[in-house]
Structures are given as C-alpha cells and as structure tokens.
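Hello,

Here is the structure I promised to pass on. Have a look at it first, and then read my notes below.

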Amino acid sequence: MLFDARPATQVPFLRNALRKFNEEISNGQSFSNLQIRLIVSILSGMKQVAADAKDNWIQAAKSLGIEASRFKQLNQLEPNQYQNSFSSSNNATIKANGPANYQFMQSSGLYQIQGELEQKFDSATKIKQLEAFLEFQKVYVSAWKSTNLDFINPLFNRIKTGFNSLEKVIEIKDRITNEYSSVNVFNLVNANQEIKRLIPMLISKMFYDQQKRIVADSKVTQTKHLIIDEAHNILNAEHKNVGDSWQDYRLSIFEEIIKEGRKFGFFLTLSSQRPADISPTILSQVHNYLIHRLVNDRDLKMLENTMPTLDKRSLQMIPSLGKGEVVITGNAIQVPVFVKVDPTTIRPKSDDVVLTDIWTKKKVYN
C-alpha cells in the first residue's frame with residue numbers, strides 16, 4: 001500500500017520478498033550467504049539465466065555501499081560457451097550447474113564480497129536492510145526470466161522515494177513497550193507531504209492494534225485516546241474513489257477505529273477548521289461536537305446534516321462566534337450549550353497577528 005504496488009505483478013513480488021525476508025534473514029551472515037548463493041547460481045546457470053543477470057547482481061551489491069573496485073575480478077569472468085563454464089584470469093572455473101570451489105570463490109573475489117555484504121548489512125538501518133534485500137530479490141526474480149523487469153522497475157522508484165522519506169523520521173525497534181509516555185505528541189509541522197500522509201496512518205494502526213491485543217477478550221482496564229489536529233489534511237476523502245488503493249486503505253483504518261474502537265477502549269478526537277473535507281463515514285460516527293466559529297457554507301451544511309442534536313438557533317450562532325466561544329452538542333448533553341472558554345497560560349501559538357501593531361513599529365519611507 002505504501003508503495004502503490006500494482007496487483008498483477010508488483011504485489012505478489014513484494015509479498016513473496018517480505019515473507020522470505022522475515023523467514024530467512026536474521027543478520028548479515030544469513031543475508032550475505034543467500035546473495036552469494038544467488039550469484040553462484042547465476043554463474044553456473046549461464047545458459048538459462050538472463051544475459052544481464054550478473055551485471056544486475058553487481059549493481060544491487062553496489063547499492064549497499066560496496067566499492068566498484070571490489071567487483072574487478074567478477075567483471076573479468078569470461079564465459080566459455082564450448083565448455084559451459086565461467087573462468088577467471090587464473091583459469092579457476094565454475095561449470096554449468098556445478099558448485100563453486102574454494103579456488104573459484106577466491107579468484108573471483110566472491111569471498112571478499114561476501115564479507116563486505118555481511119558487514120554493510122549489519123551496519124545498515126532496518127529500512128536500508130529491507131531496501132537492499134528487495135534489490136537482490138529483483139535480481140532473483142528476473143534472472144530466470146520469471147518476471148519482466150519492465151513491470152517492477154517503476155515500483156522501485158516509489159520504494160526508494162518512500163524509504164528515503166521514512167528513513168528521516170522512523171527508527172525501527174523490536175519492542176516499543178518502554179518507548180512511550182502517558183501523553184505523546186507527534187509533530188509533523190516541518191514534515192514533507194509524503195511523511196504527512198504516511199506517519200498518521202502508521203502510528204494510528206500501530207497503537208490501535210496494540211490496544212486490541214491488550215484487551216483481546218478480557219475486560220477493558222485501560223484506554224487509549226488518539227487526537228488528530230488538522231484532521232481534514234489526514235482524513236480527506238477526495239482521493240478515495242479515484243483508483244488509489246493507498247487512499248482507500250488509509251481511510252479504512254480510521255473508519256475501523258471510529259466504528260470499532262470504543263469496544264476496545266480506543267477513542268478518537270478530531271480537530272479541524274474544514275470539517276466538510278473529512279470523510280462523511282468518519283464524521284457520521286462522531287458522538288460529541290465542540291463547534292467554534294465556522295463561516296463556510298459547506299461546513300455549515302455538513303453540521304446541519306450530520307448533527308441531529310444541533311438546533312436551528314445554535315446553528316445560526318456559529319458564524320458569529322468570537323474567540324474562545326463554542327457550541328457544545330452531542331450524546332453527552334441533552335441540549336446544545338453555549339460556552340465561553342477562558343484563555344489559559346499554557347496554550348498553542350495560534351493567536352491572531354495584530355497587523356496595526358506591526359505596521360506602527362515600522363518606519364514608512366516615501
């Protein structure tokens with residue numbers, strides 16, 4: 001979903017690669033062993049593999065940070081079509097469908113490359129480890145021509161962009177038990193648009209799944225409360241029906257939370273200046289509302305259609321509300337209530353800019 005993988009070829013490729021990564025790769029040693037077996041299979045299966053398979057493998061190894069000079073001997077291997085073999089400069093040979101002996105591994109530089117693959121993998125972040133593994137898996141599925149590279153190369157452009165964005169803000173840990181406090185703030189004000197799309201979905205799903213595991217079939221003894229500011233940016237339904245499966249998945253997560261979360265002790269609070277842009281499915285499940293000043297006709301129409309507890313008089317007040325004034329309505333109270341909220345000492349930096357104060361401090365030159 002994160003990489004907008006196409007269902008025909010890209011989704012099966014990713015699923016198989018992730019399953020293999022989780023089952024077979026535990027450290028740099030298991031990773032390097034697997035990739036060395038791959039290049040040996042490519043060299044010994046020279047008549048069955050794609051002509052560019054060896055070069056693609058070298059390119060994948062370089063993407064992990066191994067210097068080009070390490071592949072000098074491997075690049076110099078020459079195929080002997082008559083003997084169905086690859087031979088190095090000192091005549092060390094690997095025959096078709098045969099094993100690679102010590103002499104061949106040494107003279108071709110594969111022993112040295114194997115050591116560097118292990119070291120580079122162990123020193124990489126979890127995200128870079130997965131990225132490197134996917135590069136080699138691309139070589140694996142294309143070497144025996146089971147998958148056309150033209151179909152999965154576009155996916156790797158999106159993978160690279162996505163991983164680069166995630167790398168800046170995410171640290172992968174095996175356990176998160178002691179990583180969070182009672183109140184946690186995720187500030188995305190300086191994040192790029194890609195991160196603003198990804199992080200809220202990932203965080204929300206992580207905490208929601210954790211809460212479901214804690215509660216399971218037992219009684220709810222603790223709750224979690226997810227508060228989303230600027231919710232119209234995160235829960236916008238504009239792109240839901242334009243063939244973007246990622247957008248569908250994103251909204252389905254939050255729709256599940258707001259529909260099912262209460263029975264697991266997981267509650268959602270939304271804050272927005274443009275409530276009409278939020279998915280109607282999500283808004284229809286909201287029970288209580290605190291309404292500050294709104295003047296946009298779409299927003300006001302949405303309030304009228306969504307809130308059966310909001311009477312006509314209260315609706316008419318909303319466009320003229322002042323600072324700190326709010327209409328509260330919903331299941332928690334019998335009738336709408338008008339409230340004036342006093343300013344607090346601890347408050348967000350959201351005060352209006354007083355333009356006349358700024359202008360009078362500036363010297364005007366004619």
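To start with a question: does Arg298 count as buried, partly exposed or exposed? Arg298 is partly exposed, at 46% relative accessibility (buried means under 20% relative accessible area, exposed over 50%, partly exposed in between, with a 1.4 Å probe and protein chains only).

Before going on, please note that this is a predicted model, where local features need pLDDT of at least 70, side-chain atom pairs count only at pLDDT 80 or more, and totals for chains, interfaces and linings use all residues. Residues are numbered from 1 along each chain as its sequence is written, and side-chain values use heavy atoms, leaving out hydrogens and water.

Now the salt bridges (a side-chain nitrogen of Lys or Arg within 4 Å of a carboxyl oxygen of Asp or Glu). The whole structure has eleven of them. In one, Arg298 meets Asp277, at 3.1 Å from N to O. Arg298 lies in helix α13 and Asp277 in the loop between β5 and α12, so the pair ties together parts 21 residues apart in sequence (helices are DSSP runs of H or I with at least four residues, strands runs of E with at least two, numbered from the N terminus). Asp277 is buried, with a relative accessible area of 16%.

Another joins Lys263 to Glu260, with the closest N and O atoms 2.8 Å apart. Lys263 is exposed at 54%, while Glu260 is partly exposed at 32%.

Lys54, in helix α3, is buried yet has no salt bridge. Its nearest side chain of opposite charge, Asp55, is 5.1 Å away.

Enjoy exploring!

Key:
Lys, Arg positive; Asp, Glu negative; His and termini not counted.
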